[in-house]
Structure formats: structure tokens, C-alpha cells
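Please read them alongside the coordinates.

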Amino acid sequence: MSDPARDRAALVDRLRSRERIDDERVLDALETVPRHEFVPEARRHRAYVDSPLPIGEEQTISAPHMVAIMATLLELQPGDRVLEIGTGCGYHAAVTAELVGAEHVFSVEYHDSLAQAARERLAATGYGDVSVRTGDGKQGWADHAPYDRSYLTCAAPEFPRAVVEQTRPGGLVLAPIGNGRQRLVRARRRADGSLDRETHGGVRFVPLK
Ligand code: SAH
């Protein structure tokens, strides 16, 4: 029988040799969060393969390397308040929680069925202090703003205006941007609300609704 912790450590070792994944705190977070607990039972045997997997509602959990790249680009520090759009199964939120503290993570999910399942999984794996709300992520989550960091795990034509407004000046926003052809874009929010953007390569995410 396979041992999830050993399979996870082997996956993290393979990720460590990849370009753009060099933050040991991020790698430690991936080594800690039990990805197999977040994927549907029938897919568990593939939880420690570096690929996306279906999680229901025609959505997918991102591949581990993509979660690692995004967490690295966000330069997450303990205590940072983070907004996530697209909770999905809750895995990426758990990785973020490892880096900043679960009580600082606020995640919005469009599908109520996924939001509920994510809440249950997060609670069962020790990340019950992550807050999950069902709703349209284009509106962000104003109640807990301002955020130090905000990111989308679904592709949008442009950064949603509310998400940018709810991120503090000097804070970072990160998202797959584009219709069809997408690029991972990281931007620093300036005091006047405008964005200082950097592009980080082509990606494939499900579209924002
Ligand atoms: N981070 C997730 C991956 C989610 S896939 C994980 O670790 O599993 C993208 C998610 O974005 C899907 O769950 C999808 O339902 C959600 N989504 C799509 N459009 C949205 C919107 N407008 N607001 C909030 N969530 C949205």
C-alpha cells in the first residue's frame, strides 16, 4: 500500500528541481498539506502526481507545481491577510494557510456544493479557521478587507475591480488573465489604485464565472 506522506515527500522533491520553485517555506507547506484528503476518493491514487484533477462541478484542483509557483510569487508571510477567489476543494487555501495562518485566509467560491465540501475538508485537516463564503468572487469579500495579498484560481479577462480595491496599496494581486490564452499576471497595487504588472508565463485555468 502506498504511504501518502512518503508519496508527498517524493513529489515535493521532484518539484524542488523545477524552475521557479525555490522557496523552502512553500515546499514545506506542500509537504505538510495532505492533498489526498482534498481530492475525491476515486482520484486519491493520483493525489501525488503533479497534475490537475477533477473535483466536481466541472472544476479542477490545480497541479501542485502551479500552487507552488503562485504561493512563491505572492511572497506570503505569516500574518498576511489573504483573499482567494475560487476555493474549489480547499487545497490551495490550505497551502496558503500553512504560510500565513488559517485565520488570515478568506476564500470565495461560486458553487455552494464545493464551498461546503471545502469547509468540511479544511476542518477535518486542521485548517478550520480558513473562512469560506459562497458567492461571486468578482465582488471580492469586502468585510475582511484590506488584504495584503489577493489571488484568483480561475481565469479572468482582467483583475476584478473589487478585488483590486480590497487589496491594500503596496499589496500584491495574482491571477491567470485572459480569455482562452491565459497568462499568470502578478501586480502590485499602487496608492492610486493602478497596477504595476509583471507577466509570468502561459497557464491554463478554468474560467471565472
Ligand atoms: N483553488 C482550487 C482550484 C479551484 S478551480 C483548489 O485548490 O481546489 C477554480 C474554482 O473557481 C472553481 O472551484 C470554480 O467554481 C471557482 N469559480 C469560478 N468562478 C468563480 C467566481 N466568479 N467566484 C468565485 N469562485 C469562482
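1. Does Thr-134 count as buried, exposed or partly exposed? The model is a predicted one. Thr-134 counts as partly exposed because its relative accessibility is 30%, and the cut-offs are under 20% for buried and over 50% for exposed.

2. Thr-134 belongs to strand S5, which covers residues 131-134. Leaving aside residues up to four places away in sequence, Thr-134 touches Glu-109, Tyr-110, His-111, Asp-112, Ala-115 and Arg-119. With Asp-112 there is also a polar contact between side chains, at 2.7 Å. Leu-152 lies 18 residues from Thr-134 along the chain, and their C-alpha atoms are 15 Å apart.

3. S2 provides the largest share, with 3 residues.

4. In total, 24 residues surround the ligand. The closest are Thr-60, Glu-109, Asp-136, Gly-137 and Lys-209. Glu-109 is also among the residues that Thr-134 touches.

5. A polar backbone atom of Gly-137 is 2.7 Å from a ligand nitrogen. Ligand oxygen atoms are found 3.1 Å from a backbone N or O atom of Cys-89 and 3.5 Å from a polar backbone atom of Gly-88. On its own the ligand has 580 Å² of accessible area, and the protein covers 100% of this.

Technical notes. Residues are numbered from 1 along each chain as its sequence is written. This is a predicted model: local features need pLDDT of at least 70, side-chain atom pairs count only at pLDDT 80 or more; totals for chains, interfaces and linings use all residues. Side-chain values use heavy atoms; hydrogens and water are left out. Helices (H or I, at least four residues) and strands (E, at least two) are DSSP runs, numbered from the N terminus. Buried means under 20% relative accessible area, exposed over 50%, partly exposed in between (1.4 Å probe, protein chains only). Contact means heavy atoms within 4.5 Å. A polar contact is a pair of N or O atoms within 3.5 Å; within protein, one must be able to donate a hydrogen and the other to accept it, and residues adjacent in sequence count only if both atoms are side-chain atoms. A residue is near a molecule or strand if one of its heavy atoms lies within 4 Å of it. Accessible areas come from the Shrake-Rupley method with a 1.4 Å probe; for residues, only the protein chains shown count as cover.
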